[in-house]
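Hi everyone, thanks for coming. I have one structure to walk you through today, so let me put it up on the screen.

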Amino acid sequence: MEATAKGRDRVDDYISQGVRGFWLPVATSVQIKTGKPLARKIAGENLVLWRDGADKVRCVEDFCPHRGAKLSLGHVQDGNLACGYHGVTVDGEGTVVRVPAMPDCALEGRKALTYYECAEAGGAVFIYLPSADRPEAPEFVPPVEFTNGEWEVFPCMTYWDCSYRFSLDNAADPMHASYLHADSFTLAYGSKQDTMKLDRKDKGFQIERVNQKGVNFDWTEVVMDEGTLFFRLDIPYPDGAGPGGPFRIIGFATPVDEHTHYSFFWRCREVQGLAAESWRFLYRAFLEDRHWHVLEQDRRMLESIPEDARRREMLYQHDIGVSRLRQMLVRRAKEHFKALDAQETAGAQSA
Ligand code: FES
Ligand SMILES: [Fe+2]
C-alpha cells in the first residue's frame, strides 16, 4: 500500500513542479533584448536566455561554471554570455569559450552546462524542457494560427501566484465564464445552466456546452501532442468589435515552480491586410484593457484556491474536461517515471 501511496505522490509532485517533455513559452520575443541576458525560473530550474550574434535565442542553466554566480548578472559578448564576476564566458551550448583572467586556462573548451533548445513563434520564445522519456526535442509545431498568415496574434504574458495546474483546469472549464465573467463586454450572454460534452480527439479533446454554441465561451479544445500542450477557445464578438470572426484565445501555462506560473495568452483574430490594421488599432485602443479585466477575474479566483484543494474537491458533471486533462498529465508523468526507473535499473546493473 505504501508503495502505491508513494508512487502516487511522486507522480503528483512531479506534475506540480511541471510536466516535462514539452515546448514551453518562457518570454515574449521583445523581452529578450539584444545584448542583455534574461533570467527565468522554469519548472524549478534557474535558466538564462539571451540572443547570440545571429539574433537566435539561447538558453543555458543560470549558473557560472567557475564558482556558480548567476550568469544572468553578466553580459553578452560576441554572441556568448560572460559572467559578471570574473568574466568566464560560455556559448549557447554551455561550453566554456573564454577565461579572460587566465591565458590558456584548462576550462576553455569544457562542456559545463546544460543547454535548452529554443524557438520563436507568435511573438514569444519557447524552450524545450526534456523529460526522461523525451530527452530530445521533438520538432516544434506551434499552433497553426501563429504560422499560416491568416491570423493576427498578440502575445500576452502574466505571472500568477498559483500552480499552472489551476490555469489548465480553468481553461478546460468553459462554464465558469457565465458566472465569473458575467459582467464582461463579451461574456455576459447565454444561459447559466447546461450539460457538458467531451469529444476525444487525436491530440487531446474538446469540451463544450451541449445546448449553447457561438453565444459565449462555449467550448475549449485542449491540444496535447508530441511536444506541445495548449488550449484554444473562441469568444463570439459583437459588431462593435471590428472586423473578423470570433475572438480566439490560444493559451499555454508555464510552471515557474510548484507554487507559481506564467500564463501565456495569444489574442487572435482571423484578419489580414487593412482589416488586420483596423483590428490592431481597436485592440490597442479599446479592447486590451477589457481583456486584462477578465484575466484579473481569473487570476483572483485561481490564486484563492489552496494548493491541496484536489484532496477535498467535489467535482460534478461540468468538470469532465478538468478530469480528462488531469488524466492526460498523469499519463505523461508515468511515461517519464517509467523511463527514469529503467535508466536507474540499467545504471545499477552496470555499476
Ligand atoms: S563565478 Fe563566474 S567567472 Fe567567477
Ligand atoms: Fe476565465
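**Starting at a helix cap**

Let's begin with S163, which caps helix 2 at its N-terminal end: one of its side-chain oxygens sits 2.9 Å from the backbone nitrogen of R165. Helices here are DSSP runs of H or I with at least four residues, strands are E runs of at least two, and both are numbered from the N terminus.

A quick word on the ground rules. This is a predicted model, where local features need pLDDT of at least 70 and side-chain atom pairs count only at pLDDT 80 or more, while totals for chains, interfaces and linings use all residues. Residues are numbered from 1 along each chain as its sequence is written, chains are lettered from A and ligands numbered from 1 in the order in which they are written, and side-chain values use heavy atoms, with hydrogens and water left out.

Back to helix 2, then. How many of its residues are buried? Eight of the eight, across residues 164–171. Among them are Y164, F166 and D169. By buried I mean under 20% relative accessible area, with exposed being over 50% and partly exposed in between, using a 1.4 Å probe and protein chains only.

Next, please look at R310, in the loop between helix 4 (273–303) and helix 5 (320–350). With a relative accessible area of 25%, R310 is partly exposed. Leaving out residues up to four places away in sequence, R310 touches D12, S16, R165, F166 and R326; contact means heavy atoms within 4.5 Å. Two of those partners, R165 and F166, are buried residues of helix 2. The R310 side chain also makes a polar contact with the side chain of D12, at 3.5 Å. For that term, we need a pair of N or O atoms within 3.5 Å; within protein, one must be able to donate a hydrogen and the other to accept it, and residues adjacent in sequence count only if both atoms are side-chain atoms.

My other loop residue is T260, between strand 16 (247–255) and strand 17 (261–269). Is T260 buried or exposed? T260 counts as buried, because its relative accessibility is 7%. Its contacts, again beyond four places in sequence, are Y159, W160, D161, C162 and P255.

Zooming out, the protein chain has five helices and 17 strands. Buried residues make up 52% of its 351 residues. And of the contacts with a separation of 6 or more, 58% join residues 24 or more positions apart.
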